[in-house]
Amino acid sequence: MDHNQVRRYWDGNADVWTQLSRAGYDVYRDYLNTPAFLEMLPDVDGLSGLDIGCGEGHNTRLVAQRGAHMTAIDISARFVRHARDYAGRDAPPIRYQVASAVELPFPGSLFDFATGFMSFMDIPETGQVLAEVHRVLKPGGFVQFSIIHPCFNPPHRRNLRDEHGVTYAIEVGDYYRNLDGDIVEGFFGAAPPEVTEGLRKFQLPRFTRILSQWLNLLIESGLVLERVEEPRPSDETVRACPEVQDAQVVSYFLHIRARKPVWFHS
Ligand SMILES: C[S@@+](CC[C@H](N)C(=O)[O-])C[C@H]1O[C@@H](n2cnc3c(N)ncnc32)[C@H](O)[C@@H]1O
């Protein structure tokens, strides 16, 4: 499966994804992943940024609220429409564009930084995405992205729970098998059946790479690894949102920041 084939799945997911995430059911994003990502993000006030795979724009808006001048792209026209519609309300100004991360429609060395919130793992041509990121960043610019943790969410994963339903271990397997667009169906786990009844299930094309493949792709892109985080929810967060308790056992997400060297000249 290539990025153009991926597009139609995300177009099909966009309406229900936007509806459910704006209703608060993307709890891993809201309670764990995005707060940790923003804590790791350097000061972007006054910088020009590109958000890649912006979806309905929730995280782009949060970065823009930190004073960055944001451009955002997504391969799904429906997601971009939802992001623009929201922009009509109370959002900071963001330039949205329908485009693929594999062929960014921008000249080289344009942006101070780029972000990718849970999108790079959904694009089969990962090496090309990183090459494009390298191209559009100014020398000295950085990219920060989050992905599903390759080690703890490989093709086989099962929560092992005690008698109270508390996850105490995660069973993982099939680590070395690279999924190539296998379709996973479902909703955000926190959305109850009465909310999802009658809605079209997400169809998510899944691509997996093992940790060394991710790191080697990054090294081959010329970007220099700068910071890595594996966010863990605090006890207080789990009290506020018990659904994310299993992310205290092993890391659900991997956050990476890498920089284009200042001595690079295109
Ligand atoms: C898991 S969603 C994350 C959306 C958003 N960043 C967020 O955090 O809510 C993955 C996004 O990547 C987008 N995407 C997939 N392939 C893409 C590509 N080749 N170029 C740009 N965006 C892509 C999808 O349309 C979808 O909006």
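The model is predicted, so local features need pLDDT of at least 70 and side-chain atom pairs count only at pLDDT 80 or more, while totals for chains, interfaces and linings use all residues. Residues are numbered from 1 along each chain as its sequence is written, and side-chain values use heavy atoms, with hydrogens and water left out.

Aspartate 51 sits in strand S1, residues 48-52 (strands are DSSP runs of E, at least two residues, and helices runs of H or I, at least four, numbered from the N terminus). The residue is buried, meaning under 20% relative accessible area with a 1.4 Å probe and protein chains only. Even so, aspartate 51 has no salt bridge (a side-chain nitrogen of Lys or Arg within 4 Å of a carboxyl oxygen of Asp or Glu). Its nearest side chain of opposite charge, arginine 61, is 9.1 Å away; here Lys and Arg count as positive, Asp and Glu as negative, and His and the chain ends are not counted. What aspartate 51 does have is a side-chain polar contact with the side chain of threonine 60, at 2.6 Å (N or O atoms within 3.5 Å, one able to donate a hydrogen and the other to accept it).

A backbone N or O atom of glycine 53 lies 2.7 Å from a ligand nitrogen.

Methods. Buried means under 20% relative accessible area, exposed over 50%, partly exposed in between (1.4 Å probe, protein chains only).
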